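Here is a short note for you on backbone features and aromatic rings. Please keep the model open while you read.

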Amino acid sequence: MKQQSISSFFIFLLFLQCTNTFAQSPAAAPGQAPAVVVAQPPAATPTQAAAPHGITNVTKILEKAGHFTIFIRLLRSTQEENHLFSALNDSSTGLTIFAPTDSAFSELKSGTLNTLSDGDKSELVKFHVIPTFLSTSQFQTVSNPLGTWAGTGSRLPLNVTSYPNSVNITTGLTNTSLSGTVYTDNQLAIYKIEKVLLPKDIFASNAPAPAPVAPAPEKPAKAVPAANDESPVAPVDISSAVWFMHNNVVGSVGIVAVAVFAL
């Protein structure tokens, strides 16, 4: 009986302990919003990490600047847009582009671009690309002629002359100046020009220079052909001579007659 009382007492104490523990636990406040979990941004992909300069798109830059519709169309139709994209993201030397405006193309003779072959159009675009980055100050120290994607040589000359407030460009067929900077980021420089750079290789006459004309040899004196039976003889008017002879004969007869009569 005594053991049962002790057991009941311990059970009672255990009950009180449990009740006190639950009473101390804070109840959730009514209407309390759940904790907000802030999502972390995804880690950079390998492609993003491999392009520290970002992906440079020349046509997007020109579209944003405006007034380069025809040059953009040439870049796309010749596939040079893809070539520029690859070069900018793989090259350590960068690029410089002379971008003609739409008004520059409008100065060309009507139908000029339509007469060019696909190869000539590609060469025309490449003639506007320098395979290295050039800031405006670097034009003062570059060596002429500049090399372009189209090549170098007497058929593809491209010369620049830097002045305090301008940079002049000549090709032998085109003379123009930089009219503004469209974009620059130490890897790519795009400069606006108001004339299309025409390479001699496409637009100069391919015909060789005419050889000097030799003096004409002196013509020999025309020989008079000897008369022969087969040569036609021009008719001679002898009527006057016949009349003269007739009068002389008549006169002579008259004189003889007078002499005879006198005898």
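**Notes on the backbone and the aromatic rings**

1. Start with Asn186. Asn186 lies in the loop between strand S5 (175-184) and strand S6 (188-193). Helices (H or I, at least four residues) and strands (E, at least two) are DSSP runs, numbered from the N terminus. Asn186 is not a glycine, yet its phi is positive, about 70°. Asn186 is exposed, with a relative accessible area of 67%. Buried means under 20% relative accessible area, exposed over 50%, partly exposed in between (1.4 Å probe, protein chains only).

2. A word on the source. This is a predicted model: local features need pLDDT of at least 70, side-chain atom pairs count only at pLDDT 80 or more, and totals for chains, interfaces and linings use all residues. Residues are numbered from 1 along each chain as its sequence is written, and side-chain values use heavy atoms, with hydrogens and water left out.

3. Gln79 also has a positive phi, near 70°, and is not a glycine. Gln79 sits in the loop between helix H4 (69-77) and helix H5 (80-90).

4. Look at Pro145, in the loop between strand S2 (129-130) and strand S3 (159-163). The peptide bond from Asn144 to Pro145 is cis, with omega near -5°.

5. Now the rings. The whole structure holds three aromatic pairs. Rings of Phe, Tyr and Trp (its six-membered ring) pair if their centres lie within 6.5 Å; planes under 30 degrees apart count as stacked, over 60 as edge-to-face and the rest as tilted. Phe98 and Tyr191 form a tilted pair, 6.5 Å centre to centre, with 35° between the planes. Both are buried.
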